[in-house]
There are 2 protein chains.
Amino acid sequence: MRDEGYWSLMLAAAADRDVLDPLVGARALFEIPSEMVYLDGNSLGPMPHASAFEVERAVRHEWAEGLISSWNDADWFALPTLYGDTLAPIIGADRGEVVVCDTTSINIYKTLHAALALRPDRRVIVAEGGSFPTDLYVIEGVMASRPDVSTRLEGRDGPDLLDLIDADVAVVLVNQVDYRSGRKRDLMAVTEKAHAAGALVIWDLCHSAGVMEVGLNAAGADLAVGCTYKYLNGGPGAPSFVFAAKRHLDGIRQPLSGWWGHAAPFRFDQDYAPDPGIRKFLCGTQGILSFRALKPALEMLLEYDLRDIRAKSVALTELFIRLVDETCTEYGVSLMSPRAAEERGSHVALRHPEAYASVQALIARGVVGDFRMPDVMRFGFAPLYIGFADVVRAARILEEVLAGEVWRDPVYRTRATVT
Amino acid sequence: MRDEGYWSLMLAAAADRDVLDPLVGARALFEIPSEMVYLDGNSLGPMPHASAFEVERAVRHEWAEGLISSWNDADWFALPTLYGDTLAPIIGADRGEVVVCDTTSINIYKTLHAALALRPDRRVIVAEGGSFPTDLYVIEGVMASRPDVSTRLEGRDGPDLLDLIDADVAVVLVNQVDYRSGRKRDLMAVTEKAHAAGALVIWDLCHSAGVMEVGLNAAGADLAVGCTYKYLNGGPGAPSFVFAAKRHLDGIRQPLSGWWGHAAPFRFDQDYAPDPGIRKFLCGTQGILSFRALKPALEMLLEYDLRDIRAKSVALTELFIRLVDETCTEYGVSLMSPRAAEERGSHVALRHPEAYASVQALIARGVVGDFRMPDVMRFGFAPLYIGFADVVRAARILEEVLAGEVWRDPVYRTRATVT
């Protein structure tokens with residue numbers, strides 16, 4: 001184990017960097033339990049103080065007092081596109097190209113159908129075998145009603161996604177950042193490769209939106225989905241979003257054709273006519289209370305420069321990897337995430353045979369990361385509320401847990417059903 | 001116009017009935033603006049006081065303090081089935097047959113696919129031409145990937161739904177109570193007729209759950225969906241529910257196969273394996289804040305007897321119809337809802353050429369109903385918070401508006417985009 005001197009030096013250097021950090025003020029905007037180093041914002045972002053007030057206003061003022069009139073007076077019906085327009089610059093999209101609604105799984109279903117409709121002569125979906133599973137499950141759901149469609153999976157049908165893309169491919173469904181390893185894809189290169197083959201790409205931005213310049217339109221992206229409860233801090237189960245490039249909107253049809261996606265929903269026509277714009281991705285009535293926590297979170301993020309956020313994200317993960325290299329490698333930890341910063345998202349994945357119990361021991365010591373099967377510890381570094389000193393504290397406690405084999409304690413070895 | 005004596009007499013009689021009402025105490029559990037007669041609970045139920053506290057707890061305690069651990073510690077992952085089991089007795093279902101999730105439109109999509117999968121040799125969907133439009137729009141969405149399927153619509157293909165059901169029909173999608181007229185179907189008779197032809201029925205309970213004994217299992221029902229933000233008072237855009245009879249669960253597949261519907265969602269398997277139970281209707285991560293307002297609302301309803309609720313609902317609508325008959329018929333109003341109580345839900349629909357402006361004038365006078373194209377005024381009588389005296393007040397103000405032709409005032413004639 002490193003001595004006190006090593007850690008004091010590291011902590012002092014980190015504290016200096018925190019002072020100079022242009023984002024240092026953002027932490028005060030969040031409610032985070034004191035003494036906790038919260039490294040699980042890649043799973044559920046913490047609560048912005050303003051979100052609590054916004055939800056309270058939605059409940060006690062808009063619902064309780066405004067009642068049905070709030071559909072107009074509080075713009076409830078327009079929230080999906082209002083928030084979509086707010087979110088658009090965060091992912092490099094334009095107004096009218098993003099709508100907030102439903103869940104990521106459901107939006108993957110919609111965008112897969114949309115892409116297949118835009119490429120009617122093609123029948124192959126390319127995806128990652130190691131994708132967050134819901135992406136693969138939803139592809140199965142689409143194929144249930146499209147038996148003519150088949151898949152090619154990275155890992156199963158070839159080592160590299162890019163080599164699976166050819167003129168038979170309708171659409172590539174790919175995560176910008178892998179949920180386990182934190183590997184980051186080159187959004188522009190994958191998009192270009194797909195377009196060269198005449199295919200479309202659906203980007204799953206769950207682990208990238210909010211921590212980097214996604215740059216959808218700069219890359220000529222087609223479609224994207226993502227969640228808002230990780231780095232966008234929208235609250236537990238906050239609604240998902242869909243992006244569709246304006247040039248595709250005319251040709252898009254998707255089968256979840258509920259009344260909110262109708263061109264004139266309050267005319268109560270018998271026949272469905274999709275909204276000509278991004279609202280065509282809507283289906284049913286949206287959960288207003290779950291929306292409302294998202295608003296202050298998005299507005300807060302817009303106050304900062306995504307280049308600063310990405311630069312700090314890289315610096316935080318670099319520091320953590322360096323500290324783990326220097327202090328933990330001898331205890332059986334290996335780095336799962338890419339070493340090259342440009343290939344890494346905002347979390348660091350480590351492998352250790354006792355990953356599960358180690359994560360529990362860390363949580364008991366105030367360092368909240370999470371575990372993924374079979375042997376992965378994930379640590380998310382969200383630049384808005386994690387500082388350099390937090391990184392040092394987390395690494396030091398990780399060393400303690402591993403060096404002291406704290407994971408042997410039976411209290412940390414009982415598995416919960418969900419994490 | 002009726003004189004003061006008439007209305008005083010009516011009000012006194014109504015006040016007497018309110019005193020004897022076994023449900024009279026429930027009103028105090030809701031936040032309803034004073035002086036407002038809220039007759040739009042068939043569109044958005046008012047806020048139970050307890051809901052505000054519950055949402056606040058979810059935000060400030062479970063999210064802000066519990067953070068990611070609340071997925072376990074606050075049972076977030078289990079809410080869809082926990083609340084489903086709470087809701088089950090309200091619609092006459094058993095534990096394990098109801099799940100709360102997503103939106104009604106999306107759940108119609110799932111159940112239509114489920115029904116078609118259960119009847120693979122049949123290709124006809126029967127529905128009401130006058131259905132709430134989203135039901136018809138979603139049928140179109142299903143047909144987009146099932147070109148072999150066709151529809152038969154009551155009103156278009158025959159005057160009576162029952163006569164459209166034969167051995168070609170896979171499923172009948174039907175509203176227990178019509179959203180415009182308030183017409184109530186005989187759930188048992190329609191189910192029996194469909195079953196006799198070998199067809200299934202999906203009941204849309206949006207306008208019946210919470211105001212009557214629905215009695216799904218007593219009628220041998222197959223599938224049902226409904227919303228929780230009307231008579232269940234779950235809050236704006238509160239999640240929908242799905243019912244599937246236990247005997248059907250094994251055979252059901254639905255294409256929105258996201259990770260929450262997986263038999264082992266946290267094993268992160270590559271292949272989809274549906275949960276064997278009602279969770280197979282789940283897809284993606286649910287909006288927890290929108291869920292939480294629903295909990296106290298359901299628990300409150302369970303304190304009352306649905307037979308008392310239905311009896312009062314009938315009495316309230318009877319009284320309103322009688323007062324409208326006696327005071328408003330001469331001003332061009334006609335009753336759209338059925339006169340026979342057993343054929344009527346919990347709202348009363350009136351027709352009047354100036355329905356839109358009349359509704360606006362009523363709202364300005366504290367009587368909140370709503371308007372549906374082209375000439376319909378709807379007045380919902382939710383027995384938990386509407387009393388007999390409210391009915392008299394509403395009828396009296398309606399008479400004022402119509403007799404005085406208050407609807408001529410230009411201020412009431414400007415159309416908003418949404419109601």
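The model is predicted, so local features are given only at pLDDT of at least 70 and side-chain atom pairs count only at pLDDT 80 or more, while totals for chains, interfaces and linings use all residues. Residues are numbered from 1 along each chain as its sequence is written, and chains are lettered from A and ligands numbered from 1 in the order in which they are written.

Chain A has 13 helices and 15 strands; these are DSSP runs numbered from the N terminus, helices being H or I with at least four residues and strands E with at least two. The radius of gyration of chain A is 22 Å, close to the 22 Å that the globule rule gives for 419 residues, so chain A is as compact as a globular protein of that length. That radius is taken over C-alpha atoms, and the globule rule is 2.2 Å times the number of residues to the power 0.38. Along the principal axes, the C-alpha atoms of chain A fill a box of roughly 75 × 55 × 40 Å. Of the 419 residues in chain A, 57% are buried. A residue is buried if 20 or more other C-beta atoms lie within 10 Å of its own, exposed if 12 or fewer, and partly exposed in between, with C-beta atoms placed from the backbone. Among contacts in chain A between residues at least 6 apart in sequence, 73% join residues at least 24 apart. Two residues are in contact if their C-beta atoms, placed from the backbone, lie within 7 Å.

The contact between the chains takes 73 residues from chain A and 75 residues from chain B. On the side of chain A that touches chain B, the elements giving two or more residues are α2 (49-66), α3 (70-73), α5 (104-118), α6 (133-144) and α9 (288-292) of chain A. The most comes from α6(A), with 9 residues. By class, this side of chain A has 40 nonpolar, 22 polar and 11 charged residues. Ala, Val, Leu, Ile, Met, Phe, Trp, Tyr, Cys and Pro count as nonpolar, Asp, Glu, Lys and Arg as charged, and the others, Gly among them, as polar.

One helix pair spans the two chains. The axes of α2(A) and helix α2 (residues 49-66) of chain B come within 10 Å and cross at roughly 165°. Axes are lines fitted to C-alpha atoms, for helices over the stretch in contact, and angles run from 0 to 180 degrees between N-to-C directions. The two helices are therefore roughly antiparallel; angles under 35 degrees count as roughly parallel, over 145 as roughly antiparallel, 65 to 115 as roughly perpendicular and the rest as oblique. The residues of this contact divide into 6 nonpolar, no polar and 4 charged.

Within chain A, helix α11 (residues 306-327) and helix α13 (residues 388-403) pack at an angle of about 25°, with their axes 9 Å apart. That makes α11(A) roughly parallel to α13(A). The residues of their contact divide into 11 nonpolar, 1 polar and 1 charged.

Two loop residues of chain B remain. B:R339 lies in the loop between β11 (334-335) and β12 (347-351), and is exposed, with 10 other C-beta atoms within 10 Å. B:D375 is in the loop between β14 (370-372) and β15 (376-380), and is partly exposed, with 17 other C-beta atoms within 10 Å. Not counting residues up to four places away in sequence, B:D375 touches B:R351, B:H352, B:P353 and B:A355.
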